[in-house]
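Please consult the sequence and the structure shown here.

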Amino acid sequence: MADKTIYFAGGCFWGVEHFFKGVDGVKEATPGYANGNTENPSYKEVYTDTTGHAETVRVRYNPERVSLYTLLKLFFTVTNPLTLNRQGHDEGTRYRSGVFYDNPEDRPVIEQVFKETEAKLGTEIVTELEPLKCFYPAEEYHQDYLDKNPEGYCHLPLKTFRYLRLWQDVKLFLGDETDVVARMANISALIAGRMHFFWTGFYRVKGEQLVLGPFQGPEACFRIGFGKGVCGTAWKEARTVVVPDVEEFPGHIACSSQSKSEIVVPVFDGDKQIVAVLDIDSDEYATFDGTDAVWLEMISALTLRTA
Ligand code: SME
């Protein structure tokens, strides 16, 4: 099958290029200027914010190795679709977010992911969905900018790049293994091995309780009731719960006094029922934020074999 191309505007193109270059199946990521009103713009011209161009990354990929659907899901892990003309600290129409397609057949799947994103956020997103009007590759010094300047500015948190590698490795390593407990065991091991959290593991839904599943770390309590502790709350409210300081969380269940902050991510099956939760504890305060949430949700979605 021939290579395909999709265009992502997700704020400063240095970080977006670096991110997509790390995605398996992506052959080329090229930063440039798209969908503006001038020809062959320079960075300086685009910087005036009067050209209508958005900093955009052209992603050429092998559709047999990575689907457009997956690329779009990844795009939304690194893009805030709720901030108009702003990503991170960067402001202006040149930093608007958008997905621009050069093949009209791609539109339905893009619309589908936009809808899924809105459903998850419970509100409309401002990310543009447009046909590509034009694209001009940026000047040479912008190409591979973060490889040339490893200390250079990047609006994406560093852990984004570690999580991308982890998510890809979990996917690859688990392959088509069908046993869910076995998958949970290796997901725990891979997360713990890479991220060195204090406790990483699963609790499985059994009737009215969560029951301890595969984990890495010190011994932990066997059973947690519906709505109890952080785990039971994530189950009851069907959402990821981030706790910067466990002592501040009413009803927190302390399996270890060393645990200081925590994140719990539900594991959904194909019918959107919660079958387990992924629970991670840190021995430091405020370890987890929205970046961890988004990536651990991507990883938790790999718990059940879906393909
Ligand atoms: N702290 C969790 C209990 C499980 S341990 O963190 C492993 C909670 O409050 O649900």
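Which residues line the second largest pocket? The model is predicted, so local features need pLDDT of at least 70 and side-chain atom pairs count only at pLDDT 80 or more, while totals for chains, interfaces and linings use all residues. Residues are numbered from 1 along each chain as its sequence is written, and side-chain values use heavy atoms, with hydrogens and water left out.

**Pocket and cavity**

The second largest pocket is lined by H18, L146, P150, G152, C154, L156, L158 and F161. On a 1 Å grid over the protein atoms alone, a pocket is an open set of points with protein on both sides within 12 Å along at least five of seven lines, a cavity is a set where a 1.4 Å probe fits but cannot get out, and lining residues have an atom within 4 Å of a point. The structure holds 1 cavity of 30 Å³ or more. Volumes are the space filled by probe spheres set on the points, which are joined across faces, edges and corners.

| Space | Volume | Lining classes |
|---|---|---|
| Largest cavity | about 160 Å³ | 12 nonpolar, 4 polar, 4 charged |
| Second largest pocket | about 150 Å³ | 6 nonpolar, 2 polar, no charged |

In these classes, Ala, Val, Leu, Ile, Met, Phe, Trp, Tyr, Cys and Pro count as nonpolar, Asp, Glu, Lys and Arg as charged, and the others, Gly among them, as polar.

Of the 20 residues lining the largest cavity, I253, C255, E262, D279 and D281 are the closest to its centre. Helix 8 gives the largest share of this lining, 3 residues. Helices (H or I, at least four residues) and strands (E, at least two) are DSSP runs, numbered from the N terminus.

**Helix packing**

Helix 1 (residues 13–21) and helix 6 (residues 159–174) pack at about 20 degrees with axes 10 Å apart; axes are lines fitted to C-alpha atoms, for helices over the stretch in contact, and angles run from 0 to 180 degrees between N-to-C directions. Helix 1 is therefore roughly parallel to helix 6 (angles under 35 degrees count as roughly parallel, over 145 as roughly antiparallel). G15, H18 and F19 of helix 1 meet T160, F161 and L164 of helix 6, contact meaning heavy atoms within 4.5 Å.

Helix 3 (residues 68–77) and helix 9 (residues 290–300) pack at about 155 degrees, their axes 10 Å apart. Helix 3 is therefore roughly antiparallel to helix 9. This contact involves K73, L74 and T77 of helix 3 and V294, W295 and M298 of helix 9.

Methods:
Parallel < 35°, antiparallel > 145°, perpendicular 65-115°, else oblique.
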